[in-house]
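Please walk me through this protein model.

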Amino acid sequence: GRAETATKGVIEHAVILVEDGKIVTIGEDLAVERGIPIIDKPGWVAIPGLVDAYSRLGLDGESSEDNSPEIHAAAELYSGAEEYPDVLKYGVTTLGLYPAGNGIPGQAVAVRPTGKTPEEMKVQDPAYLKIIVRATSSSKKLVREGFRKADDYVEKEKKAREKWDKDQEAKKKKAPAKKEEKADEKKTDDKKPDDKKDDSKDEGKPEAKDEKPQAKEDVFVPPVPDPKVKPFLDLRAGKLRALFSVSSAAEYLHLIDALGKEKLSFDLRIPLSRECDIFYVEDKKTYELDVDGIGDRKCRVVLEPLLTLQPGTMRQRNLAMELSHAGAKVVFVPRNDTLQDLRDWLPNVGEMVGAGFDRAAALRAITSEPAALLGLEARLGSLEKGKDANMVFLSGNPFEPASRIQAVMLEGRFVYG
């Protein structure tokens, strides 16, 4: 039938060749060689496997403190969790699991919801660092302290390197002096008569080398950073991405203030409430902000597929659509972190499309954008050659309430239907 690739448009009369868990080729009305097993489903619609980037399904751990950036959600993984078979049944082939807690609870892990061991489940670890920001001085202090301690480590490493460089220079200066001493000793030995020496014994032997083979040059080993500091160093280096959780315009402004001059790309989690006022910081121009708004920064914004109200009124607002128009990249997650809401996820996103949200952006919001949020855009999130064969097959339009999931494929293997 039809393949909706998420990033390369729609392919009618699609042919998808899968081998060794990967999409080998995909196109319209492609010829199929003899001997290749064929599943022919003209009425089906194929979309990429759904990616829920913000979940706690299957985890039950608790955080004991507000500052635990070194904690990994992967430590909580239990492959036998009863939720995972149903997760696959609802078309979700990748989960982003975050650690519980407030403040800075730690680092998320991306998993496939199947496997005999936690290691078999892992796809990306870590996926992002979750940081909750509130409009309080203590919340901002956590962020500032993290980067200040990163500065302290950088200074410590700089001093350690300077000391190492000086030691290396001192070694180089000593080396020529030692060579001259050895040369002088050799000359003195050559001048001394040695009548007792029997040259015949040395015949046929290789000449002895005066110097021992030089040892390999020392390599600088930086000091080991504190486990709580390393995530902030990784953020600066681009090895890890931050997902800041803010629930109001004020909290977003407090976040920007806390970051100060930090040149950091980040994503946002905005839990939608009935009268959310995040629209005040959608972009810089609309409300004449002194700082870049969410759209100006091209952030990925993690939202529920939910319409909210203008504060103090009964007028509805489609904040997801507004943020998308402002330049943000929307990532949809189920309305609540339950299997029931996971089952209703596609229809709920369909409601947003019915309320004006762009259909193509809606498909990306549950496939390619959350995959990018987890750092997996090279492997997942779209139907393209070379990517993992994670696919959901439906009876029709994925955002039509009457459509039903017919089958789910995970890495080339049917896991449902």
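The paragraphs below go through charged pairs, a charged patch, cysteines and some backbone features.

Keep in mind that this is a predicted model. Start with the charges. Across the whole structure, a search finds 28 salt bridges.

Look at helix 3, which covers residues 137-191. Here the side chains of E145 and R148 form a salt bridge, with N and O 3.0 Å apart. The two residues are three apart in helix 3, so about one helical turn separates them. E145 is partly exposed, because its relative accessible area is 25%. R148 is partly exposed too, with a value of 37%.

R148 has another partner. D152 also forms a salt bridge with R148, and the closest N and O atoms are 2.8 Å apart. This time the residues are four apart in helix 3, which again means a separation of about one helical turn. D152 has 41% relative accessible area, so D152 is partly exposed.

Now leave the single helix. R236 pairs with D151 in a salt bridge, and their closest N and O atoms are 2.7 Å apart. R236 sits in helix 4 (residues 230-237) and D151 in helix 3, so this pair ties together parts that are 85 residues apart in sequence. R236 is partly exposed at 31% relative accessibility. D151 is partly exposed as well, at 41%.

Salt bridges can also link up into a network. One such network joins K22, R112, R379, D388 and E411.

On the surface, E155, E162, D165 and E169 form a patch of negative charge. Take E162 as an example. E162 belongs to helix 3. Its relative accessibility is 41%, so E162 counts as partly exposed.

Next, the cysteines. How many disulfides does the count come to? The count is zero. C276 is buried, because its relative accessibility is 1%. C299 is buried as well, with a relative accessible area of 1%. Buried here means under 20% relative accessible area.

Just after helix 8 comes G356, with a positive phi of about 115 degrees.

Which loop holds E288? E288 lies between strand 13 (266-269) and strand 14 (300-303). Its phi is about 50 degrees, although E288 is not a glycine. With 69% relative accessibility, E288 counts as exposed. K298 is found in the loop between strand 13 and strand 14. Phi of K298 is near 55 degrees, a positive value in a residue other than glycine. K298 has 48% relative accessibility, so K298 counts as partly exposed.

Which residues does a cis peptide bond join? The bond runs between D125 and P126, and omega is about 0 degrees. P126 sits in the loop between strand 10 (122-124) and strand 11 (129-132).

How values were computed:
Residues are numbered from 1 along each chain as its sequence is written. This is a predicted model: local features need pLDDT of at least 70, side-chain atom pairs count only at pLDDT 80 or more; totals for chains, interfaces and linings use all residues. Side-chain values use heavy atoms; hydrogens and water are left out. Patches are made of residues with over 30% relative accessible area and no salt bridge: like charges are joined within 9 Å, nonpolar side chains (Val, Leu, Ile, Met, Phe, Trp, Tyr) within 5 Å. Accessible areas come from the Shrake-Rupley method with a 1.4 Å probe; for residues, only the protein chains shown count as cover. A salt bridge is a side-chain nitrogen of Lys or Arg within 4 Å of a carboxyl oxygen of Asp or Glu. Lys and Arg count as positive and Asp and Glu as negative; His and the chain ends are not counted. The place of a charge is taken as NZ of Lys, CZ of Arg, CG of Asp or CD of Glu. Buried means under 20% relative accessible area, exposed over 50%, partly exposed in between (1.4 Å probe, protein chains only). A disulfide is a pair of cysteine sulfur atoms within 2.5 Å.
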